[in-house]
Amino acid sequence: MAPHDLRRPFKRRPISDQQKRRELSLLRQSQNRSDAQQRARNLASSVISLQSSSPDFDPEILSEAVPELDAGSESESSSFDIRQASRLRGPEARKWFARQLMLPEWMIDVPDNLSQDWYVLARPTGKRCFVVSSDGTTVSRVRNGSILHHFPSALPGGARKKGTSGPAQSYSILDCIFHELDQTYYVIDMVCWRGYSLYECTAEFRFFWLQSKLAETGACDPPSFYHKFRFSAVPFYNCNQSGLHSAYTGSLPYVKDGLLFYNKHAHYHTGNTPLVLIWKDERCSQYVIDTDNNGEVPNQQHIVLELQDEGKLVTSDDPPVPFSCLNADFVKQSGLSSGALIRFAIGDGGLNCVDGRFEKADLQYIGVSNRARAFADSYSKIMFQYMARHSPLKIEDLASNISHENQQDKPLEVEMSD
Amino acid sequence: MAMEVTQLLINAQSIDGTVRKHAEESLKQFQEQNLAGFLLSLAGELANDEKPVDSRKLAGLVLKNALDAKEQHRKYELVQRWLALDMATKSQIRAFLLKTLSSPVPDVRSTASQVIAKVAGIELPQKQWPELIGSLLSNIHQLPAHVKQATLETLGYLCEEVSPDVVEQEHVNKILTAVVQGMNAAEGNNDVRLAATRALYMALGFAQANFNNDMERDYIMRVVCEATLSPEVKIRQAAFECLVSIASTYYEKLAHYMQDIFNITAKAVREDDESVALQAIEFWSSICDEEIDILDEYGGEFAGDSDVPCFYFTKQALHVLVPLLLETLLKQEEDQDLDEGAWNIAMAGGTCLGLVARAVGDDIVPHVMPFIEEKISKPDWRDREAATYAFGSILEGPSADKLMTIVNAALTFMLNALTNDPSNHVKDTTAWTLGRIFEFLHGSTIETPIITQANCQQIITVLIQTMKDAPNVAEKACGALYFLAQGFEDVGSNSPLTPFFQEIIQSLLAVAHREDATESRLRTAAYEALNEVVRCSTDETASMVLQLVPVIMMELHNTLEGEKLSSDEREKQNELQGLLCGCLQVIIQKLGSEPTKYLFMQYADQMMGLFLRVFGCRSATAHEEAMLAIGALAYAAGPEFAKYMPEFYKYLEMGLQNFEEYQVCAVTVGVVGDICRALEDRILPYCDGIMTQLLKDLSSNQLHRSVKPPIFSCFGDVALAIGENFEKYLNYSMPMLQSAAELSAHASGADDEMTEYTNSLRNGILEAYSGIFQGFKNSPKTQLLIPYAAHILQFLDSIYMEKDMDEVVMKTAIGVLGDLADTLGSHVGGLIQQSVSSKEFLNECLSSEDHTIKEAAEWAKHAITRAISV
């Protein structure tokens, strides 16, 4: 039995660089694995088939098609999610991202049960955008899908930085408005967080999650090297008298541009939805009435409609609302093709409504719309703009509706107790 | 049945290769054809005092090798073969072995001791040879000294070979009594006393009960301490070895004896032979190890539920221990830094001083500073080196606050010494100390930076200059640069290193190309520093890192062009290839994502070509490094990686088949995962091959067990990538997962290591299930998974009930519950509702403080709600 060797490492690091490389690789692999799995968990709700992305493809119809996959009607379609989408370039990427935002309808009448079922928040002035953090970088894309900023952020996976908490490479998607003045992204909704989809969660849950999670990441901290822009959650209120008052008159760090109303029970729905509404007046917005390219309010209301086959002109709604028809010869002459977005002015004949539904319009052809545009106007936008010029929906109307709701409740109780 | 083997055994040691080979083959043949006869002949040879010593010794050795092997599967085979022998043969062999213990030839007795222990190691756990210990001990007092010595030695080996739980306490008591009596000063024979002391070292693990008994413990400790004073140096050394082992095994029982032990160790350190003094220092190093562990674990606050409290032995002895250790620092050997294997009292003393600093923190500083101040400028290099070494040793442990002023004052002095000190030894230690300063006192967590605008230039200039010094000094300078870079890891955009980046890179490359770069690990240190500089670089220097790519690729290319090399040269070449692949791997990770990715990827084809050629060189280290680099490249390349697959595939397969060099196999399994994520369904054509290999790996008992959990995870990666195409592997993979799950559900950990392994196995299995569920989600073939749901839920329930899973498993497990509900939906609603997991376990996770667990649980809840509401 020989004596035992008792040499200890002398002037040496405890871990060799090779071991360090091995460990870093394992770390990267396990993060990538858990990211891949989280991504897969997310697919059910955000799955969209790229193969079907023909020009008139509609995200809503496609997401409804998902259950059919279960039934076995379709098996070969390549599943497509946001991470793959982030690899898209140019027009394809823009097209895809342009379809991902939930777009509010304009408030043309006051919904029932505002105080019970709705939140209200003051919309910050600025560009609405989709902010995606993943793979160590953050990209914001404006409504038409083009990139606004490409930057590092403290959002999960939003910067190439070691030692961030949690699965560093998982991705998140926020629905934001970029406010130029203080260079801040104001977050109005949360779509995915650390790879978990919130698409199928109610607004109530999403807002709660947004308020509790965003701050944890340090995304609300002032800008730093790994965090180029500050994020801030927009305060929201129950849409009762005091909530409406706070949102409408309350002082906020940003310039307001109208009020947004969210139905508490609504899921995140890509495209236009009546469960989120926008309302504006002169007091809470500088942009009540649409301006032209020079920032001037034109004498006549301008609208943009999409040209369909046989000269039909429709809104961007789902289903589209037909507005008028263009003469087939005129279409041919002007070299217009199906899918084109065309700008019109509303003439003195105005819009005629019967029982709150649009009947006919006096449209004057202006020309093909600006190419930056991805969509036609929605029906509600056209109507809201029209009303704003003629008989606007006022804040008092909203308030009185709420107080009316409350009064209605009380007698009802009395009656029932009788 | 036995056969005459003397001549064969002598021939097997012949200088004549042909004779030797022939004899070896005959022995092998004999073993294969008639194992019982073979073993019996060997035992007979060993026991026969009339045979030559050489043949007897070899007989014992061959016998020993027929009972044990290093590789687990081979060992298992040998054990089974021994157990299958008939009782008569085994009794005869045992009798021969015991008889040999009385042989007058010492070597033969010693060989027999080891063989007996091997047999005991096989038989005692099977409750066979129950009379062994009794017969060894029966008349130990009446035995002649040489037999007594052999018996004690046998008991020592036996304790080393057998686990304590298969020996009855009564036998343990008898063994310890015999051993401790043999060590006693009353034992007149030094051979006996030495054998007893060494046997005690092995038997200490058996003495748990005895150390709990005050009287018995006092007795053992007294005898051990007395043995440290024996006139025989080997006995003193062996006795100190016992003390070292006691320090870590019975730390909490030592309070009573520390005063005496301090006196004994101090005397040994100052006066005794170096072999004894080293053990005496090691005693204190072991005490420090224990206290560092305890303090690490409990953060210094002794909570009622922790097993072992800290007794602060080091702290109490500080005022006498530190001067003792400082004295040793002056006993350096000339050129110790040039000898890789050197270990002397100065090195041991300094190492111990470093451990003391970690154990006591701030308190050490005032005890060491006077020594440093007195000696740092003395004319004798020994003084200056000792002072510097003392300083370097105490940099880890004390707080930054305590050290900052001293370090700031010392920095200029150190830089100066590095440039001007005439002694290589002093410069070596100074450069090492600078590295320690950067390692522990430089970085984003330190409030007042020691590296400033004012001194950064000078530091880098001196380090670069030092890299041209002797290899051992240059190596330390590279190490210092490594930590200098590491400290700027989180610096953000304006790294102070940016202005020097180019110069640093070029200097490191120049060092790597020095003709003497293979001495003192210099080349390795240079590439390691280069790697760290790259890892910690910022976007500002990305273009310079990019320029490095063709340079490193060219170097790798050059290593592949080599002419005929000697085996020594080839080994060095392979080592260099490993370093270069490692360097490329670091660069790929750095540049392989936005925004540098596109520029970087222009090199991908060429780089891949080089890696493939490295595989051709068949060196395990280079293979592993190239594989890791390819994994990183696949991650960066994404689906593009598909174009490399046709050529790469065979090396992937080769890696998966490499059972012997299991790290290569493990790394390859990880890379399969990378490739799955990069290629997604484009990996399909390769899946038959990959899955076959993975399944083979799992069924192999040759493959190191640590590779198995990642293989299960890899199933998940494959399934996630190819979706419902995984169908054809379900029949093979599911039963394997199922049986592994059963095994891991109740492997109630015998020890921490086992619990850890069990948890990593569970995690692998669960990741496989997650990947499979997710892969099949939204596919018409989902129903194929329904039959497995009950078992998987049961598995989740049982690991929950075992209460020994760690956070990682918890998160993966609750995720699987969600995936199962999400993929199978209403088909399994009933099953889910019956499971414990969907209630208690889910609730526990929902209220977890770990946000990743909580979020996984929220999601699972969501999926379950949907599944049971339909």
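Trainee: How many salt bridges does a search of the whole structure find over all chains?

Mentor: In this predicted model, the search finds 58 salt bridges over all chains. Between chain B and chain A the count is 10.

Trainee: What makes the pair A:Arg194 and B:Glu855 a salt bridge?

Mentor: The closest N and O atoms of A:Arg194 and B:Glu855 are 3.9 Å apart, and the cut-off for a side-chain nitrogen of Arg and a carboxyl oxygen of Glu is within 4 Å, so the pair counts as a salt bridge. The pair crosses between chains, running from the loop between strand 7 (184-193) and strand 8 (196-197) of chain A, where A:Arg194 lies, to helix 42 of chain B, which holds B:Glu855.

Trainee: Why are A:Arg194 and B:Glu855 called buried?

Mentor: Buried means under 20% relative accessible area. A:Arg194 has a relative accessible area of 4%, so A:Arg194 is buried, and B:Glu855 has 3%, so B:Glu855 is buried as well.

Trainee: How do you know that A:Lys20 and B:Glu532 meet in a salt bridge?

Mentor: Their side chains come to 3.0 Å, N to O, and since the cut-off is within 4 Å, the pair therefore qualifies.

Trainee: What else describes the meeting of chain B and chain A?

Mentor: On the side of chain B, 93 residues are in contact with 51 residues of chain A. The two chains bury about 6,500 Å² between them, with 48% of that on carbon and sulfur atoms. Within chain B, the residues that lose the most area to chain A are B:Arg677, B:Asn778 and B:Glu855, which together make up 10% of what that side buries. The count of residue pairs in polar contact between the two chains, with both residues at pLDDT 80 or more, is 14. Helix 42 (residues 851-869) gives the largest share of the side of chain B that touches chain A, namely eight residues, and the residues of that side divide into 28 nonpolar, 31 polar and 34 charged.

Trainee: What makes the phi of B:Arg521 worth a remark?

Mentor: Most residues other than glycine have a negative phi. B:Arg521 is not a glycine, although its phi is positive, at about 60 degrees. B:Arg521 is found in the loop between helix 25 (501-512) and helix 26 (522-535) of chain B, and its relative accessible area is 27%, so B:Arg521 is partly exposed.

Trainee: Where is A:Glu310 found, and why is A:Glu310 called exposed?

Mentor: A:Glu310 is found in the loop between strand 13 (302-307) and strand 14 (312-314) of chain A. Exposed means over 50%, and A:Glu310 has 76% relative accessibility, so A:Glu310 counts as exposed. A:Glu310 also has a positive phi of about 60 degrees, although it is not a glycine.

Trainee: Why does B:Lys427 count as buried?

Mentor: The cut-off is under 20%, and B:Lys427 is at 13% relative accessibility, so B:Lys427 counts as buried. B:Lys427 has its place in helix 22 (residues 424-441) of chain B, and, leaving aside its neighbours within four places in sequence, B:Lys427 is in contact with residues including B:Asp421, B:Asp469 and B:Val473.

Trainee: Which residues touch the most other members of the largest nonpolar core?

Mentor: They are B:Phe438, B:Phe641 and B:Phe648, in a core of 329 residues. Helix 16 (residues 274-298) of chain B supplies the largest share of this core, 12 residues. A second, separate core has 47 residues, among them A:Met107 and A:Val276. In soluble globular proteins, nonpolar side chains tend to be buried together.

Trainee: What does the secondary structure of chain B come to?

Mentor: The secondary structure of chain B comes to 42 helices and zero strands, and of its 870 residues, 59% count as buried.

Key
Residues numbered from 1 in each chain as written. Chains lettered and ligands numbered in written order. Predicted model: local features only at pLDDT ≥ 70, side-chain atom pairs only at ≥ 80, totals over all residues. Heavy atoms only, no water. Core = buried A, V, L, I, M, F, W, Y, C linked by side-chain atoms within 4.5 Å. Buried < 20%, exposed > 50% of the residue type's maximum accessible area, 1.4 Å probe, protein only. Helix = DSSP H or I, 4+ residues; strand = E, 2+ residues; numbered from the N terminus. Contact = heavy atoms within 4.5 Å. Buried area = accessible area lost by both parts, 1.4 Å probe. Polar contact = N/O pair within 3.5 Å; in protein donor to acceptor, adjacent residues only side chain to side chain. Nonpolar A, V, L, I, M, F, W, Y, C, P; charged D, E, K, R; others polar.
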